[in-house]
Amino acid sequence: STVYLNGEYMPMHEAKISPMDRGFLFGDGIYEVVPCYSGGLVGFGPHMDRMNDGLKAIGIELAMSHEEWKAIALKLDGENDGENLGIYFHVSRGADTKRAHSFPSGVKPTVFAFAFEIPPAPVADKSKANSYSVSTSTDLRWKRCNIKSTALLGNVLHYQKGVDEGNQECILFDVDGFLTEGSSTNAYIVKDGVVITAPLSNALLPGITRFMLLDILRKDGRIKVEERAVSREEFDAADEVWLTSSSKEVGPVVAIDGKPVGNGEIGDVWVVAQQLFSEGKFN
Ligand code: PDD
């Protein structure tokens with residue numbers, strides 16, 4: 001496949017970076033994943049805004065415009081096979097000659113992008129939809145999870161707990177027992193027809209799919225939305241549980257730690273929400 005590295009396009013096997021790159025040594029970087037369905041980018045502006053916020057938060061200066069990033073995304077879409085792609089953008093602080101924790105001066109950020117296949121966007125149909133089973137865990141990550149850092153060891157270990165238990169995600173709760181998010185997704189409950197998700201804070205990523213879904217639901221008005229703390233007790237008593245991410249859109253969860261959510265089947269509110277998301281995501 002064709003990738004982008006520091007201003008050039010090349011086959012993936014020719015892309016090389018220094019082992020002294022701080023992305024490699026420290027996980028010192030920011031990344032994004034933007035979905036691209038048949039050439040149509042989803043949430044591109046918000047994704048770029050979040051990336052710039054992250055770069056600013058960690059003090060990486062990079063002069064690249066939204067238009068330059070978009071040109072890279074579309075070039076990678078054109079050069080790579082597949083109708084449904086995730087476009088991955090990665091900016092690390094760059095490669096120094098020594099390993100020192102302090103920010104090096106005069107080092108150019110490393111900019112990398114590639115495309116990978118993602119599942120087709122879900123269809124809002126219970127009989128065709130992919131459903132998810134999840135594990136749960138205390139959230140053991142750092143205290144700035146709002147930054148989309150490439151340092152993902154905490155997320156990786158949580159996700160792997162889910163995999164080891166035969167599931168496809170692990171949902172996290174803070175030390176007081178309140179929902180934060182999934183290891184690679186935002187998380188929601190539905191109770192009595194109301195969609196509830198944790199409010200934005202340093203404890204979770206401000207997901208672009210979350211942002212778009214809540215906006216679409218509020219504009220439609222049929223389903224009520226609340227952003228507020230969700231306790232473990234409320235979570236366990238939910239009628240429906242959903243996940244969102246760029247590669248999943250709205251994902252219905254049917255089992256938590258081996259126990260069914262509601263009646264163990266995909267819920268009715270999910271059908272409406274995924275339908276609205278499918279219709280509204282390119283607007
Ligand atoms: N994951 N929370 C975490 C911890 C995430 O890693 C992600 C995204 C999300 C959902 O954000 P968005 O809707 O902007 O994709 C929430 C990406 C896709 C990944 O790491 O591959």
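This is a predicted model: local features need pLDDT of at least 70, side-chain atom pairs count only at pLDDT 80 or more; totals for chains, interfaces and linings use all residues.
Helices (H or I, at least four residues) and strands (E, at least two) in this walk-through are DSSP runs, numbered from the N terminus. The expected span of a helix is 1.5 Å times one less than its number of residues.

Residues are numbered from 1 along each chain as its sequence is written. The predictor's confidence in each residue is given by pLDDT, which runs from 0 to 100. For the protein chain the mean pLDDT is 98, and 100% of the residues reach 70 or more. The model's ipTM is 0.98 and its pTM is 0.97.

Back to α5, this time with burial in mind. A residue is called buried if 20 or more other C-beta atoms lie within 10 Å of its own, exposed if 12 or fewer do, and partly exposed in between, with C-beta atoms placed from the backbone. By that count, I208, T209, R210, M212, L213 and L217 of α5 are buried. D215, also found in helix α5, counts as partly exposed because it has 14 C-beta neighbours inside 10 Å.

Now bring in a partner. Two packed helices are described by the angle between their axes and the distance between the axes. Here the axes are lines fitted to C-alpha atoms, for helices over the stretch in contact, and the angles run from 0 to 180 degrees between N-to-C directions. Helix α5 (residues 208-220) and helix α7 (residues 268-280) have axes that come within 10 Å and cross at roughly 100 degrees. The two helices are therefore roughly perpendicular to each other; angles under 35 degrees count as roughly parallel, over 145 as roughly antiparallel, 65 to 115 as roughly perpendicular and the rest as oblique. On the α5 side the contact is made by L213, I216, L217 and D220, and on the α7 side by A273, L276, F277 and G280. Contact here means that the C-beta atoms of two residues, placed from the backbone, lie within 7 Å. D215 and F277 are 62 residues apart along the chain, yet their C-alpha atoms are separated by 9.7 Å.

Helix α7 itself has 13 residues that should span 18 Å at 1.5 Å a residue, and its end C-alpha atoms are 19 Å apart, which agrees. Its buried residues are V269, W270, A273, Q274 and F277. Seen down the axis of α7, these fall within an arc of 125 degrees, so they line one face of the helix; the arc is that of the directions from the helix axis to the C-beta atoms. They pack against β10, β11, α5, β13 (240-245) and β14.

Next, follow the chain into the loop between β11 and α5, where you will find L204. L204 counts as buried because it has 23 C-beta neighbours inside 10 Å. Leaving aside residues up to four places away in sequence, L204 touches C145, N146, T180, E181, N186 and A198. Its C-alpha is 8.9 Å from that of G182, 22 residues away in sequence.

Two backbone details deserve a look. Most residues other than glycine have a negative phi, and most peptide bonds are trans. D192 has a positive phi of about 50 degrees although it is not a glycine, and E249 likewise has a positive phi, of about 55 degrees. D192 lies in the loop between β10 (186-191) and β11 (194-197), and is exposed, with 7 other C-beta atoms within 10 Å. E249, by contrast, is found in strand β14 (residues 249-256) and is buried, with 25 other C-beta atoms within 10 Å.

Finally, turn to helix α3 (residues 66-79), whose 14 residues reach 20 Å, close to the 20 Å expected. Its buried residues are W69, A73 and L76. They cover an arc of only 70 degrees around the axis, which puts them on the same side of α3. The face turned away from that buried side carries the exposed residues E67, E68, A71 and G78.
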